[in-house]
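Here are some notes for a colleague who has not seen this structure before.

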Amino acid sequence: MRWPLLPLLLLLPLTACGGDDGASRTLTVYAAASLTASFEEIAEEFEAEHDGVDVELSFGGSSDLVTQIQGGAPADVFASADGATMTELVDDDLAAAAPQDFATNTLEIVVPSDNPAGIASLQDLARPGLNLVVCAPEVPCGAAAQQVAGNAGVALSPVSEEQSVTDVLAKVSSGEADAGLVYVTDVRAAGDDVGGITFPEAAEVVNTYPIAPVDGSDEPDLATEFVRFVLGDTGQGVLAGFGFGQP
Amino acid sequence: MIPRWIYAPAALGAAFLLLPLVAIVARVEWTDFFTLITSEASKDALWLSLRTSAVATLLCLLLGTPMAMVLARTSFPGQGVLRSLVLLPLVLPPVVGGVALLYTFGRRGLLGDELEVLGIQVAFSTTAVVLAQTFVATPFLVVSLEGALRTAGLRYEVVAASLGAAPTTVFRRVTLPLVLPGLVSGAVLSFARALGEFGATVTFAGSLQGVTRTLPLEIYRLRETDVDAAVALSLVLVVVAVLVIGFAGRPGRSLG
């Protein structure tokens, strides 16, 4: 008998699921990847104020999350990184209430902590031979990057167009890329592995984050409550702490 | 003779595996199908995938054949451990492979300084795609070929050697022709695995049209904005995979 423990292994995932701390109500929040750190903190605050409520967070690219919700994913609240993606949800009649803007974000140049290429401005990103990594134009951060560069008349030729902010950060923090374009909050959340370089042109392209309760939720009241909480003092305070602007 | 009740779970299993394929075919927008798969980005991705997978398969053959020989025909202490390690990419999540490759061939990786001296940049290049594909695909060739070598046995090689053939001659004239079916099916499987490679590529090579954005990466990108195109390209990949498996599984060819 070589595999006496195999059946037990199959049970492992089940026990992990059963280990919940007896919370009687669960609120599932789908949020853009750039909200990871801030929403984890907001969820904790929300749970502290609401006894027996467990907030489950699912992070990902905004358009990815909308696709999942359209496919029937059990989201109660959706927080998007851009208006266009939220519009998709509204157009499909999947928003239970009108979306409300709760935060803004602007772009920043991200470089490895020792800034090996000596980047100092947006214009530096057009330097030949530079390993520049941006988000793909289809993703909100990529659209913003294109717009900023276009406004400033800077021709970017990236070596890679990544699918999300986190992919750009990974390439920069590992030192493979010399520079990337991500949001101010992403640079701050990434910590000491990377450095951020602000540039004046970024202020022209402001990204606004809308939030809305999702239609068909099992917890419509709790979902509305959570949206209000994010827009309220506690939520706004946490977001400001992570570098988000107010809409 | 098998118990009759086994057909029920077998059918269930087959349905589980086949239904998603049916779903893809059902979801394809046939009117635009040809336009969707012949866009500039799609053609670039398909061509890049075929090129890199072909080179990766060649590397698999060059590196995997000797490894299979050593594993099947010799015995030395620690061989079992070595075999397990060599086959590790089979079970490793590809994204882990990508991270590992990054720390090996990346600019700040183990070989980073040496490569920099030689003026070679691996990350973000087509070379990185080929490395990622070779990394995940080589074990398929080794497993397939080692199985074929063991099944073929030593008889003919011993006879050839006793008749005075040098080891290299035995390898070339006896061993290789004997295991050719195993070698071919191993190569075909490696090619298929390379063609489908996603995790290691996206982690290690990045994503840029015509340079590193292979078919799976293009599907992943389109899935967010142009679902119809993503589905159409998925079907292309499914068809290629079916052709490849059909070729590898032809009667008379052993899968090792």
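1. This is a predicted model. Phe124(B) is buried, since 25 other C-beta atoms lie within 10 Å and 20 or more count as buried. Phe124(B) sits in the loop that runs between helix 7 (112–117) and helix 8 (126–152) of chain B.

2. The backbone at Phe124(B) deserves a look: phi is positive, about 65°, although the residue is not a glycine. Most residues other than glycine have a negative phi.

3. Asn115(A) also has a positive phi, of about 40°, and is not a glycine. The loop that holds Asn115(A) lies between strand 5 (107–112) and strand 6 (132–135) of chain A. Is Asn115(A) buried or partly exposed? With 15 other C-beta atoms within 10 Å, Asn115(A) is partly exposed.

4. On the interior, nonpolar side chains tend to be buried together in soluble globular proteins. The largest nonpolar core here has 114 residues. Those with the most contacts inside this core are Val29(A), Val77(A), Phe78(A), Ala79(A) and Ala132(B). Helix 8 of chain B gives the largest share of the core, 15 residues.

5. Phe78(A) is in contact with Tyr30(A), Leu65(A), Ile69(A), Leu89(A), Ala212(A) and Val214(A), leaving aside neighbours within four places in sequence.

6. There is also a second, separate core of 11 residues. Among them are Leu36(B), Leu46(B), Leu215(B) and Leu233(B).

Note on methods:
Residues are numbered from 1 along each chain as its sequence is written. Chains are lettered from A and ligands numbered from 1 in the order in which they are written. This is a predicted model: local features need pLDDT of at least 70, side-chain atom pairs count only at pLDDT 80 or more; totals for chains, interfaces and linings use all residues. Helices (H or I, at least four residues) and strands (E, at least two) are DSSP runs, numbered from the N terminus. A residue is buried if 20 or more other C-beta atoms lie within 10 Å of its own, exposed if 12 or fewer, and partly exposed in between; C-beta atoms are placed from the backbone. A nonpolar core is a set of buried Ala, Val, Leu, Ile, Met, Phe, Trp, Tyr and Cys residues joined through C-beta atoms within 7 Å. Two residues are in contact if their C-beta atoms, placed from the backbone, lie within 7 Å.
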